[in-house]
Amino acid sequence: MEKMPYGSLEMLPQPASRIVFGTTVMAAGENADALLDGAVQRGINFFDCARSYGPAEGVLGDWIR
């Protein structure tokens with residue numbers, strides 16, 4: 001597996017993965033733990049989440065906790 005590329009953003013103290021995980025796939029409110037765990041295992045630490053994605057924001061927050 002290739003190394004994850006990272007970049008920097010002024011507002012973040014740590015490097016952010018250049019590949020962003022779009023949480024709209026979690027809009028159905030299904031358990032997404034395996035998807036999120038797999039993304040982090042591959043080096044992804046940047047998640048696109050918006051209230052317009054339905055319950056995705058809450059699902060991501062629950063997983064982070």
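Accessible areas here come from the Shrake-Rupley method with a 1.4 Å probe, and for residues, only the protein chains shown count as cover. By that method, the accessible surface of the chain comes to about 4800 Å². Carbon and sulfur atoms hold 54% of this surface. The model is a predicted one: local features need pLDDT of at least 70, side-chain atom pairs count only at pLDDT 80 or more, and totals for chains, interfaces and linings use all residues. Residues are numbered from 1 along each chain as its sequence is written, and side-chain values use heavy atoms, with hydrogens and water left out.

Start with the overall layout. The chain has two helices and four strands. Both kinds of element are DSSP runs, numbered from the N terminus: helices are H or I with at least four residues, strands are E with at least two. Read from the N terminus, their order is β-β-β-α-β-α. Along the principal axes, the C-alpha atoms fill a box of roughly 30 × 30 × 20 Å.

Now look inside. Of the 65 residues, 28% count as buried. Buried means under 20% relative accessible area, exposed means over 50%, and partly exposed lies in between (1.4 Å probe, protein chains only). In soluble globular proteins, nonpolar side chains tend to be buried together. The largest nonpolar core in this model has 11 residues, among them Met4, Phe21, Leu36, Ile44, Tyr53 and Val59. Such a core is a set of buried Ala, Val, Leu, Ile, Met, Phe, Trp, Tyr and Cys residues joined through side-chain atoms within 4.5 Å. Two elements, α1 (33-41) and α2, each give two or more residues to it. The largest share, three residues, comes from α2.

Ala56 is in contact (heavy atoms within 4.5 Å) with Thr23, Met26, Ala27 and Cys49, leaving aside its neighbours within four places in sequence. Across the chain, 61% of the contacts with a separation of 6 or more join residues 24 or more positions apart.

Next come the aromatic rings. The whole structure holds two aromatic pairs. Rings of Phe, Tyr and Trp (its six-membered ring) pair if their centres lie within 6.5 Å; planes under 30 degrees apart count as stacked, over 60 as edge-to-face and the rest as tilted. Phe21 and Phe47 form a tilted pair, 5.7 Å centre to centre with 55 degrees between the planes. This pair links distant parts of the chain: Phe21 sits in strand β3 (residues 21-22) and Phe47 in strand β4 (residues 47-48), 26 residues apart. Phe21 counts as buried because its relative accessibility is 13%. The rings of Phe47 and Trp63 have their centres 6.0 Å apart and their planes at 55 degrees, so this pair is tilted. Here strand β4 is linked to helix α2 (residues 56-64), across 16 residues. Together, ring pairs link Phe21, Phe47 and Trp63 into a cluster.

Finally, turn to the outside. Met11 is found in the loop between β1 (6-7) and β2 (16-17). Met11 is exposed, because its relative accessible area is 66%. With Leu9 and Leu12, Met11 forms a nonpolar patch on the surface, with about 280 Å² of accessible area together. Patches are made of residues with over 30% relative accessible area and no salt bridge: like charges are joined within 9 Å, nonpolar side chains (Val, Leu, Ile, Met, Phe, Trp, Tyr) within 5 Å. A salt bridge is a side-chain nitrogen of Lys or Arg within 4 Å of a carboxyl oxygen of Asp or Glu.
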